[in-house]
Amino acid sequence: MQLTYRYRLYPSRAREQKLLATLDSCRWLYNHFLERLNQKEKGRTLSRRKLQATLPGLKRERPHLKQVHSKVLQMVLHQLYSNLRALAELKRNGRKVGRLRFKGRGWFKSFTYNQSGFKIVEGNGKRRELWLSKIGEIPIVLHRELDGEVKQVHIKRERSGKWFVCFSVEVEEAPKVRKVSTPIGIDLGITHYIADTNGNFAEHQHNVTKSEWRLKREQRRLSRKKRGSKNRAKQRFKLALVHERIRNQRLDFLHKLSRHYVNGHDFIAVEDLGVKELIEMAHNGKNRADAAWATFLHMLTYKAERAGRWVVKVEPRGTTDRCSRCGEIVEKPLWVRVHKCPNCGLELDRDLNAARNILQDGLNKIGWEPAEFAPVEIGPLPARASSVVEAGSPAL
Ligand SMILES: [Zn+2]
């Protein structure tokens, strides 16, 4: 399986110049290839192989391309083709799409080393250096342990001007545990972000982050600045920092939450989000929670695979209305927070009832009897991420 690790880079001024020059060369090449694709030769579009074959000649004509690692240049073509594929895919799905656009300055944000041209300088501790061919060493802080063989290195400049690296790593899956002893079911809810069968709840992030308020303030300030002015550019940068901070807080929280479940439980039942979206989100308009859920389930899944734990996805239909003790269907609108069963008398939080059903369905799916397990107390959920920013970054 493939994992991606993301870290912040801390280039010196001289290295940053080289990074920016590389971005610009790649941007030039991208636009050049796109132009060649648009102008047909003898009525036919050039093949990808033929385009790649023009690279050596191009390098002679444009010496700035020689300052870029050759694999990085090839990956520009790869990027162009995957953009074309994505566009074709949208078209197939009946979306109205235009053509690929040329990338203006500032719109080309990343480049990629594939298989070669990079190295993490050996050493102890978190502070290391990433060596990139034609660029040099750049300090990096490995705030999370990087484990596995690095196949690809993706360098990205964010709107805030910060540089990041994503390592694509190939790792082996651990064999699944044979005997389940600490199963848990998780319900993804509209009022609670998450409810689990241990009775733990996590709330929606956007209800609580202070940054949300800050975001609104900075957006308001931006709208008051004159178009094209220096102050507007400055304000846009400020806004980008707030967006970045919110994103980091959210990711940090989801990492902690998924880690909590994978460390404490060898069997985790969740809802199949694809189906859930169809039945619930349809009535609630665009819910910002769904994107974060998808990220959470993704984190949960790959962490579990690494650790040999089960993540089983179940059909969400009916999990809310069904009584988790006797199976009676107790229909309830969204605003009814408590499940009250007229048949067996069970009374508990509606999301907790749903979580129990999800766990039951998950265990049924792989053929285990839920009755074999007593609920296990694992401890409280991780506290909400308060002001955790990318490790080692200066205070904002
Ligand atoms: Zn009942």
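Modeller: Helix axes are lines fitted to C-alpha atoms over the stretch in contact, and angles run from 0 to 180 degrees between N-to-C directions. Helices (H or I, at least four residues) and strands (E, at least two) are DSSP runs, numbered from the N terminus. This is a predicted model, where local features need pLDDT of at least 70, side-chain atom pairs count only at pLDDT 80 or more, and totals for chains, interfaces and linings use all residues. Residues are numbered from 1 along each chain as its sequence is written.

Biologist: At what angle do helix H5 and helix H6 pack?

Modeller: H5 (residues 210-224) and H6 (residues 230-264) pack at about 165 degrees, with axes 9 Å apart. Angles under 35 degrees count as roughly parallel, over 145 as roughly antiparallel, 65 to 115 as roughly perpendicular and the rest as oblique. H5 and H6 are therefore roughly antiparallel.

Biologist: Which residues of H5 meet H6?

Modeller: Two residues are in contact if their C-beta atoms, placed from the backbone, lie within 7 Å. Among those in H5 are Arg 214, Leu 215 and Glu 218; the H6 side includes Arg 236, Leu 239 and Val 242.

Biologist: What is the strand order in the open sheet of 5 strands?

Modeller: Strands of a sheet pair through backbone hydrogen bonds, either parallel or antiparallel. Here two strands pair if DSSP finds at least two bridges between them. The order is E10-E9-E8-E11-E12, with mixed pairing. Strands E10 (201-202) and E12 (310-314) are the edges, each pairing on one side only. Helix H9 (residues 350-366) packs on this sheet, touching E8, E9, E11 and E12.

Biologist: How do E8 and E9 run?

Modeller: They run antiparallel, joined by 3 bridges. Leu 188 has Ile 194 in E9 as its bridge partner.
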